[in-house]
Amino acid sequence: MSNQSGRGRVAGLPAWDRCAVMGVVNVTPDSFSDGGRWFDTTTAVKHGLDLVAQGADLVDVGGESTRPGAARVDEAEELRRVVPVVRGLAAEGVTISVDTMRARVAEQSLAAGAALVNDVSGGLADPAMIPAVAEAGAPFVVMHWRGFLEGGNVQGVYADVVTEVVDELRARVEAVLEGGIAPDRVVLDPGLGFSKDAGHDLALLAHLDRLLGLGHPVLVAASRKRFLGRVLAGPEGAPPPARERDAATAAVSALAAQAGAWAVRVHEVRATADAVRVARAVERARGERRDERPGEPIAPSGGARTAKDPARSPEGAR
């Protein structure tokens, strides 16, 4: 990893000196938190532009729900949903990630203006994916994945979830690199909520340093997920609905940014955009304090807001 804040830079994408914010546009009728709200092209493009106005640095467009039990859509339908939205956002200068497990959808989205491929299977669902991304020279998100969740196929048994996820991601990265994707275009995602329960997700967030130790930027996609509902509900309560978990999501975003995540993927952008900027301001103040008194421990102190916000590129369970 190579940028000044230590969280890494992804070749082929804008450089941010803080944790980036990836806004979500689900062009689906059945996503777990907002299915159907942005299902037509015009509405989806407008929503993507709204997310950028609220502080998103890039926008992740997906046309297939990956919630547990969701049936897969066919390729033609996924293409119909996704490619026009990618084209519309690209025409407005938005930096776009395409959320897909299919090589053909990735290829056509990249041709329409997408800059990043976000594959929750890490290239396992479609053998043509890694060659396609390598040929295009695009950045690639490799998520930890143990198979489709359709029909309750959760496979969420771990002796040591952090060690096993790190080892399985390491093996997947080796396969991706052998397939021709450049090391500086690989991003890792621990796959929160995918074949994992709340305890697994929290353990992975607590040990992001282990994932960062693999040497690639890390994307954290915690937004509105079930583990946050479990945390908010407590031992006896019912989890709040997905759309009532945005404050908890922003808290995770701040923690992930502080831990060194390259980006966070969220449905509600504004609070997270504020959270990562505050985390960066604290990080900067910590560095300035060390410069003032080298070798001395940093005493707790109240901080002032910085007037100058770091420059942001104008470009900007699922």
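Student: Which residue just after α3 takes a positive phi?
Tutor: This is a predicted model, in which local features need pLDDT of at least 70 and side-chain atom pairs pLDDT 80 or more, while totals for chains, interfaces and linings use all residues. Residues are numbered from 1 along each chain as its sequence is written, and side-chain values use heavy atoms, with hydrogens and water left out. Helices (H or I, at least four residues) and strands (E, at least two) are DSSP runs numbered from the N terminus. Just after α3, a positive phi of about 125° is taken by Gly-113.

Student: Which elements do the buried residues of α3 pack against?
Tutor: Buried means under 20% relative accessible area, exposed over 50% and partly exposed in between, with a 1.4 Å probe and protein chains only. In helix α3 (residues 103–112) the buried residues are Ala-103, Val-105, Ala-106, Ser-109, Leu-110 and Ala-112. Taking contact as heavy atoms within 4.5 Å, these buried residues pack against α2 (75–90), β3 (96–99), β4 (116–119) and α4 (129–136).

Student: Why are the buried residues of α6 placed on the same side of the helix?
Tutor: In helix α6 (residues 198–206) the buried residues are His-200, Asp-201, Leu-204 and Leu-205. The arc is that of the directions from the helix axis to the C-beta atoms. These residues lie on the same side of α6 because the arc they cover around the axis is only 135°.

Student: At the start of α6, which backbone nitrogen does a side-chain oxygen of Asp-197 reach?
Tutor: A polar contact is a pair of N or O atoms within 3.5 Å; within protein, one must be able to donate a hydrogen and the other to accept it, and residues adjacent in sequence count only if both atoms are side-chain atoms. The side-chain oxygen of Asp-197 comes to within 3.1 Å of the backbone nitrogen of Gly-199.

Student: Which residue's side chain is joined to that of Arg-18 by a polar contact?
Tutor: Arg-18 lies in the segment before β1 (20–26), and it is buried, with a relative accessible area of 1%. Arg-18 is 242 residues from Gly-260 in sequence, yet their C-alpha atoms are 8.7 Å apart in space. The polar contact, of 2.9 Å, joins the side chain of Arg-18 to that of Asp-57.

Student: Is the aromatic pair of Trp-16 and Trp-262 stacked, edge-to-face or tilted?
Tutor: Rings of Phe, Tyr and Trp (its six-membered ring) pair if their centres lie within 6.5 Å, with planes under 30 degrees apart counted as stacked, over 60 as edge-to-face and the rest as tilted. The structure holds one such pair, and both Trp-16 and Trp-262 are buried. Their ring centres are 6.3 Å apart and their planes at 55°, so the pair is tilted.

Student: Is Thr-272 buried or exposed?
Tutor: Thr-272 is found in helix α10 (residues 269–292). Leaving aside residues up to four places away in sequence, Thr-272 touches Val-21, Thr-249, Ala-250, Ser-253, Val-264 and Val-266. With a relative accessibility of 1%, Thr-272 counts as buried.
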